[in-house]
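Reader: I have a model open and want to go through it with you. Can we take it residue by residue, then step back to the whole chain?

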Amino acid sequence: MSVEAASATKPFRTKTGRLYRKLVIGLPFLWLLVFFLAPFFIVFKISLSQIALAQPPYLPAFPLESLPEFWSNLRQFSLDNYRWLAGDPLYINSYLSSLRIAAIATAVTLLVGYPLAYGMAKAPRGLRPILVLLTILPFWTSFLIRVYAWIGILKTDGLLNQFLMWLGLISSPLVIMNTNLAVYIGIVYSYLPFMVLPIYASLERMDHRLVEAANDLGCPPVKAFWAITFPLSRPGVIAGIMLVFIPAVGEFVIPDLLGGSRTLMIGKTLWNEFFSNRDWPVSSAVAILLLLALVLPIVWFQRAQAKATGNA
């Protein structure tokens, strides 16, 4: 191609490249706007409304017919629902109980998942795909069916109690169903792959020659693990903790089926407020506070990580 032809096509390529870059950058933002920000603002608008015997069951309702009606409806918005939640011990205890149960379940999931991920990363290379397949195999079954299966295992006359009594370890059935212990078991089982896979990905990419060099220099295996292996797997650990903790806080199915009425979690409280009491404004305020309580720490953590990486 001649110099003149290359010069003639250069502006076209530049414009095409800019358009392509804008399209690549804009599509994720468009997805975020349509499927996250728009529903968020709709729920936030409902949380500022008041309950009413209408369809939908809150006021003011949209769409609007005129500009004066818009300002009239806008003045009806208030923060009364948020003030009411701040003074109601039921919702405060629900938030605190959800955070406590999710934190304990996440810690147990990490204690169980890290050795599994470590063993998968240390396995022969030809065996690793099979182990990954076995890890994600439960996802091939419905989440609801898997939780229901635990009812048959944990109930008084279930498989676990029958097995323990057959071994002679207990003389009477254990009461596990409708307790927080059953909720912990359900969360750990259901979200264990979300902990194992990120940690495995970090360990699998790690240069194991670093550990061998540390051992050759006289570093004990335990010290080498905490000095080399665990720090290098920390991104996977953090990702796994987030993937387990965030959905566990708002979990509804597991505490409803395994925990019963004794388990207090914000997901169950939100469901009762929305469907039983038909109080959409209060339930929307509960959802907004839950979302902010989870998203804001994540944003702060990501900025802190980015700043630390930049300074490094």
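Reader: Start with Asn178. Buried, exposed or in between?
Author: This is a predicted model. In it, Asn178 is partly exposed, at 35% relative accessibility.

Reader: Where does Asn178 sit?
Author: In a loop. That loop runs between helix H7 (159-167) and H8.

Reader: And what is phi of Asn178 near?
Author: Phi is near 60° for Asn178, a positive value in a residue other than glycine. Most residues other than glycine have a negative phi.

Reader: Arg278 next. What is its phi near?
Author: Near 55°. Arg278 also has a positive phi without being glycine.

Reader: How accessible is Arg278?
Author: Arg278 has a relative accessible area of 37%, so it counts as partly exposed.

Reader: Is Ser283 buried or exposed?
Author: Buried. Its relative accessible area is 1%, and the cut-off for buried is under 20%.

Reader: What lies 3.0 Å from a polar atom of the Ser283 side chain?
Author: The backbone oxygen of Asp279.

Reader: Which residues does Ser283 contact beyond four places in sequence?
Author: Leu270, Glu273 and Phe274.

Reader: Change of topic. Where is Met265?
Author: Met265 is in the loop between helix H11 (253-259) and helix H12 (266-276).

Reader: What is Met265 in contact with, leaving aside neighbours within four places?
Author: Ser94, Ser98, Ile101, Val183, Ala248, Val249, Glu251 and Pro255.

Reader: How far is Met265 from Ala121?
Author: The two are 36 Å apart, C-alpha to C-alpha.

Reader: What is the polar partner of the Ser94 side chain?
Author: The side chain of Thr269. The polar contact is 3.0 Å.

Reader: What else does Ser94 touch?
Author: Not counting residues up to four places away in sequence, Ser94 touches Leu264, Met265 and Ile266, as well as Thr269.

Reader: Stay in H4. Is Gly113 buried or exposed?
Author: Gly113 is in H4 and is buried, at 0% relative accessible area.

Reader: Which residues does Gly113 contact?
Author: Leu192, Met195 and Val196, leaving aside neighbours within four places in sequence.

Reader: How far apart are the C-alpha atoms of Gly113 and Leu192?
Author: They are separated by 6.3 Å, though the residues are 79 apart along the chain.

Reader: Now H8. Tell me about Ile199.
Author: Ile199 lies in helix H8, residues 180-205. Its relative accessible area is 0%, so Ile199 is buried.

Reader: What does Ile199 contact?
Author: Leu110, Tyr114, Ala117, Gly236 and Val237, again leaving aside neighbours within four places in sequence.

Reader: Step back. How many helices and strands does the chain have?
Author: The chain has 13 helices and 2 strands.

Reader: Spread out or compact?
Author: More spread out than a compact globule, because the radius of gyration is 26 Å. The globule rule gives 20 Å for 312 residues, and the chain is well over that.

Reader: What does the C-alpha trace span?
Author: About 85 × 80 × 35 Å along the principal axes.

Reader: How much of the chain is buried?
Author: Buried residues are 33% of the 312.

Reader: And the surface?
Author: The chain exposes about 19,400 Å². Carbon and sulfur atoms supply 71% of that area.

Reader: What share of contacts is between residues 24 or more positions apart?
Author: 69% of the contacts with a separation of 6 or more.

Reader: Last one. How are the charges placed?
Author: There are 24 positive and 14 negative charges, and their mean positions are 10 Å apart.

Conventions: Residues are numbered from 1 along each chain as its sequence is written. This is a predicted model: local features need pLDDT of at least 70, side-chain atom pairs count only at pLDDT 80 or more; totals for chains, interfaces and linings use all residues. Side-chain values use heavy atoms; hydrogens and water are left out. Buried means under 20% relative accessible area, exposed over 50%, partly exposed in between (1.4 Å probe, protein chains only). A polar contact is a pair of N or O atoms within 3.5 Å; within protein, one must be able to donate a hydrogen and the other to accept it, and residues adjacent in sequence count only if both atoms are side-chain atoms. Contact means heavy atoms within 4.5 Å. Helices (H or I, at least four residues) and strands (E, at least two) are DSSP runs, numbered from the N terminus. The radius of gyration is taken over C-alpha atoms; the globule rule is 2.2 Å times the number of residues to the power 0.38. Accessible areas come from the Shrake-Rupley method with a 1.4 Å probe; for residues, only the protein chains shown count as cover. Lys and Arg count as positive and Asp and Glu as negative; His and the chain ends are not counted. The place of a charge is taken as NZ of Lys, CZ of Arg, CG of Asp or CD of Glu.
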